[in-house]
Amino acid sequence: MSDAAKEIAGLSFEDALKQLETIVRELEQGNVPLERSIDMYERGDALRQHCDTLLKAAEAKVEKIQLGQNGEPTGTTELDPQNG
């Protein structure tokens, strides 16, 4: 694993997203030399993949609270994103 990959793997979702937004903004301005654009694109893709991985992990942890007939919580089940 490269140093850049290790650094990205250690980022929180929020920090990775912030870096990704910065890269997109700079690339959209069009003032970046081609070679630097390619490097930024590659880093952006790695950040996107990291964010996607973290988001999927968070979704897997989301639970739906089950309520009993009296309205009190009785337990939880995994959230099925397809059925809400």
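1. Buried means under 20% relative accessible area, exposed means over 50%, and partly exposed lies in between. The model discussed here is predicted. In it, His-50 has a relative accessible area of 12%, so His-50 is buried.

2. His-50 has its place in helix 3. Which residues does His-50 touch, leaving aside its neighbours within four places in sequence? The contacts are with Ile-8, Ala-9, Leu-11 and Ala-16. Helix 1 covers residues 3-9, and helix 3 covers residues 34-61.

3. How many salt bridges are there? The count comes to three. The pairs are taken one at a time below.

4. Glu-7 and Arg-43 form a salt bridge in which the closest N and O atoms are 2.7 Å apart.

5. Another salt bridge joins the side chains of Arg-48 and Asp-45, at 3.1 Å from N to O. The contact between these side chains also counts as a polar contact, again at 3.1 Å. Both residues lie in helix 3, three residues apart, which is about one turn of the helix. Arg-48 is partly exposed because its relative accessible area is 42%. Asp-45, at 28% relative accessibility, is partly exposed too.

6. Arg-48 can also be placed relative to a residue elsewhere in the chain. What distance separates the C-alpha atoms of Arg-48 and Gln-19? The separation is 9.8 Å, although the two residues are 29 residues apart along the chain.

7. Lys-56 and Asp-52 make a salt bridge through their side chains, with 3.3 Å from N to O. Why are Lys-56 and Asp-52 separated by about one helical turn? They are four residues apart in helix 3, so about one turn of the helix lies between them. Asp-52 has a relative accessible area of 32%, which means that Asp-52 is partly exposed.

Technical notes. Residues numbered from 1 in each chain as written. Predicted model: local features only at pLDDT ≥ 70, side-chain atom pairs only at ≥ 80, totals over all residues. Heavy atoms only, no water. Helix = DSSP H or I, 4+ residues; strand = E, 2+ residues; numbered from the N terminus. Polar contact = N/O pair within 3.5 Å; in protein donor to acceptor, adjacent residues only side chain to side chain. Buried < 20%, exposed > 50% of the residue type's maximum accessible area, 1.4 Å probe, protein only. Contact = heavy atoms within 4.5 Å. Salt bridge = Lys/Arg side-chain N within 4 Å of Asp/Glu carboxyl O.
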